[in-house]
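Hi,

Here is the structure I promised to pass on.

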Amino acid sequence: MTHFFNTKTHFWLIIVILVLITSCGNQDNKEALSENLENKVIQNNATSHQIPWQKFKEYWYSGKAEITSYKLEQARYGEIHQGQAVLIYVTEDFLPHKQVKADQKSNNTVSVLKLNATKKFNTGIYPYSVMQSTFFPVSNNQHAIKITSSIQEWCGQTFSQLNNKDQFEIKSYSYFETAGDTFFKREKSILENELWVKLRINPKSLPTGDVKIIPALEYFQLNQKEQKAYQAKADLKSSSYTLKYPELNRTLTIEFNPVFPHQILGWKETVKHKSDKTTITKAVKLASIKSAYWKKNTIKDTVLRTVLKLH
């Protein structure tokens, strides 16, 4: 009887141990699964570099935009002109078919991180105003859906728009005879404009090495170059990203904070001209705020321009 009791006891003891082990294993699996679900990632489909979704969400989906001002030294007409630049990053719901900001979120919208990049500087008596808008999917697995660029100065205006469809469709309007009003298509390639947004999502997803890149729309408008992809050498370091275009004798370096959210600290664009003269455009960060700026439109809100050191 005692022997039977011991055998039975051992049997149930083994069962309990097995249950506990299985339970612990299941718990580990549940915790791992939960962690995977909570730590969703935004990544480029061609790379394994990842960032935690929760961290990204807390910063970029707070109902505010990030606004950063810069002291600008802009090369134009062979000289350097003092000015100011502002980068405004904000997430929006976007309709990829119509390629416009959606009035409301739906099953047909995608989330984009939009960059409005502005520059203001004077050339002699007259002012320049430059603005580029880039709509880049937060998923970071495709090209920008849409890019626009406009330049206003006392001689006139120019405007360009790139739409990402079966190919890149580009419309360009200018008061210059040589540019005029044009519409053309290009095979899809890396867009310089989108790299400024891609960097903010995940710098490690930036392309490196020998690549073909379509320079910024602003560059084409200011320099009257053919709008196409050019061979470039891309180099990523811990806190900088450099693009070198041999055919254009142009180098662009973007300085950024290696720590999320990877704020852009400044940039430098070096161009060697046919006359062998080299001009350098550069920008250095002044100040940065998070704000729902679209609601800050009263006279009392002008104090925020002081905070941003804008005049």
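Let's start with arginine 250, which is buried at a relative accessible area of 3% (buried means under 20%, exposed over 50%, partly exposed in between, with a 1.4 Å probe and protein chains only). Its side chain meets that of glutamate 269 in a salt bridge, 2.6 Å from N to O; a salt bridge here is a side-chain nitrogen of Lys or Arg within 4 Å of a carboxyl oxygen of Asp or Glu. Glutamate 269 counts as buried too, at 13% relative accessibility.

Before going on: this is a predicted model, where local features need pLDDT of at least 70 and side-chain atom pairs count only at pLDDT 80 or more, while totals for chains, interfaces and linings use all residues. Residues are numbered from 1 along each chain as its sequence is written, and side-chain values use heavy atoms, leaving out hydrogens and water.

The structure holds nine salt bridges in total. One of them joins arginine 200 to glutamate 66, with the closest N and O atoms 2.7 Å apart. Arginine 200 sits in helix 3 (residues 192-201) and glutamate 66 in strand 3 (residues 65-76), so this pair ties together parts 134 residues apart in sequence. Helices (H or I, at least four residues) and strands (E, at least two) are DSSP runs, numbered from the N terminus. Both arginine 200 and glutamate 66 are buried.

Glutamate 226 and lysine 228 also pair up, at 3.9 Å between the closest N and O atoms. Here glutamate 226 is partly exposed at 46% relative accessibility, and lysine 228 is partly exposed at 25%.

Cheers
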